[in-house]
Amino acid sequence: PVSHSPQITGTLVFTVFTAVLGSFQFGYDIGVINALNRQIIITHYRHVLDVPLADRKALNSDAIDSTEEMPRTPYPMYSTPTPPPEEEFVEDSGLITMLWSLSVSSFAIGGMIASFFGGWLGDRLGRIKAMLLANILSLAGALLMGFSKLGPSHILIISGRAVSGLYCGLISGLVPMYIGEIAPTTLRGAIGALHQLAIVTGILISQIVGLDFILGNRELWHILLGLSAVPAILQSVLLFFCPESPRYLYIKLDEENKAKKSLKRLRGGVDVTKDIAEMRKEREEASSEQKVSIIQLFTNSSYRQPIFVALMLHMAQQFSGINGLTIIKNVNNQCYDILLLNQHFSDAGLSQPVYATIGVGTINTVFTALSVFLVEKAGRRSLFLIGMSGMFVCAIFMSVGLVLLNKFAWMSYVSMVAIFLFVSFFEIGPGPIPWFMVAEFFSQGPRPAALAIAAFSNWTCNFIVALCFPYIADLCGPYVFFLFAGVVLAFTLFTYFKVPETKGKSFEEIAAEFRKRGGAARPPKAATEMKFLGAAETA
C-alpha cells in the first residue's frame, strides 16, 4: 500500500490554515467581550445613556475595583432617604446590567439562529463560497463594533455581537465540514481537531490584546472589538486560492473530474484512485439511506434515545459551571467567553488577576491539544466521566476557598488551583467530546439533522447561561459553584448510566448499547462502520 501514507502537502497546509482562520475569528469573537474591557464599556454605556450624577458616583466607587465581573445592582448609599432618587438609581443599574448581559448573550442569539443553516449553505453554494459569504457577516459585525464609539454604543455593540454570532453559527458547521472533507483519511482526526485549537487560540489572543496597555483601554477599546475584521479580510483573500472540497464536488455535484483535480492539488501528485473509490462508496451509501428530519429524530423510536442522550451531553457541557469561568459554544468542539475569572482571581487575592486569566487561556489551549490524543486512546465516555468528576471536586474546592478566604488567607491558593484544574478537566472531556459523540450516535441519514439540533441546543444553553449567570452570581455570591457542583454530579450520574462508549463501534453496536441501557432503539438502516467517519481508525 504505497499511496496510503499520510500526504502533508503545501496546498493542504495552506488550505487548512485558511479554513481555520474562520475558527480563529470564532474564538476571538467569543473572548473579546470579557473581563479585560468590561468596565470601560459599561462606563461608556452609562455616559451615552446620561446616567444621573448619583449613579455615576456609585460607578466611580465600583470602578476602583475594575476586576468586578458582571455589573451588580449596588446597595443604595444615599445620605438623603427620599425614595425617588433611590428608585432612579436602581432602575438605571438594572438597565446597565441588562445591556451588558445582552452585549454578551446577543452573540449566542445570532449563533443559535445560524447554527441550523451552516450545512445547508455549504451544500447549496459549496464550502468555499459559503465561507466567503459568511465573511460578509463577520466584516459587518466587526464594523458595527469597531465604530461603536462614534454612535449609540450599546445599540451598535449589541447588534454587532448578534451579527458576529450569525457568522460564528455558520462557521461552526462549515469549517469542520470542509477540513474534514479535504483531509487524508489517516489525518482526519488530527486535522479536524485544529478547528477547536484555532478557537481557543483566538480566545487567548483576545485576552492578550485586551490588556490595558495594548487595546483594552478607554481610547482603543472599539478597535479591540473590531479587530476580527483583519482575519476575515485575510481569509476572504486566501479562499480564492483554495480548492473546493473533493467530497462536495463528487458526492453532491457528481463532478468526478473536478473532484480528481481538487484531490491532486491537495495530495500533491499521489495516485488518488483509492480516494475516489472511497468517495464512490460513500456516495452510494448516502443515496441508499433516506434523509431524516429533525421532527423524526424525536418521533422515530430508532433515534429518540440517541438524540435525548446527545442533547443531555450538550446541556451537561454548557450547564457544568464552565460558563461561570468561560462560556463555550462547541460546534464540532467547544469554545468560551471569559465571564468571571478576574472576579474569582481578585477575590482569591491576586493583585493582577488579568494575567491569571490569560494563564487559564493558555491552559485552555494546551489541554485542548492534549485531548486530541487522549480521546482516541481512553475512549469518549471514560474521558467525559473523568472530566465531569474532576470538575465536581474542583467546583467544591473553588467555593470553599472563596467562602473561607476572609478567615484563611491561604485559601486564595486553593481557589486558584481549583480554577486551573476545573478548566483543565473541562478541556479533557466535556469540552470537545459531545461533538465527537453526536456524530458517532447517528449514521449518514439522520446525522445532518442530529448535528443541527445539537448545535442549536448548545447555542441555546449558551444564551441562557450568558443571560442568567450575572443574576445567579449576584444571588449566590461565592456559593455559586456549590450549585454547579450539584448540577455536574447529576449529569455525571446520567452519563454513567445512560451514555454508551462509541469508540471503535459500528452504528449497529451503538444502537444495541442504547437498547441495553433502557432505550427502545432499533439499529438504524444501512449501518456503516465507524471508520467511515474517520473517527476510529485503528491500525
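The axes of helix 6 and helix 7 come within 8 Å and cross at roughly 155°. Axes here are lines fitted to C-alpha atoms, for helices over the stretch in contact, with angles from 0 to 180 degrees between N-to-C directions. That angle makes helix 6 roughly antiparallel to helix 7 (angles over 145 degrees count as such). This is a predicted model, in which local features need pLDDT of at least 70, side-chain atom pairs count only at pLDDT 80 or more, and totals for chains, interfaces and linings use all residues. Residues are numbered from 1 along each chain as its sequence is written, and side-chain values use heavy atoms, leaving out hydrogens and water.

Now follow helix 6 itself. It covers residues 127-146, 20 residues in total. From first C-alpha to last it reaches 28 Å, close to the 28 Å expected at 1.5 Å a residue (1.5 Å times one less than the number of residues). Helices are DSSP runs of H or I, at least four residues, numbered from the N terminus.

Look next at burial. Buried means under 20% relative accessible area and exposed over 50%, with a 1.4 Å probe and protein chains only. Among the buried residues of helix 6 are Arg 127, Met 131, Asn 135, Ser 138 and Met 145. Seen down the axis, the buried residues fall within an arc of 145°, so they line one face of helix 6. The arc is taken from the directions from the helix axis to the C-beta atoms. The face turned away from that buried side carries exposed Lys 129 and Ile 136.

What covers the buried residues of helix 6 includes helix 1 (10-32), helix 7 (153-182) and helix 10 (229-239).

Key
Helices (H or I, at least four residues) and strands (E, at least two) are DSSP runs, numbered from the N terminus. Contact means heavy atoms within 4.5 Å. Angles under 35 degrees count as roughly parallel, over 145 as roughly antiparallel, 65 to 115 as roughly perpendicular and the rest as oblique.
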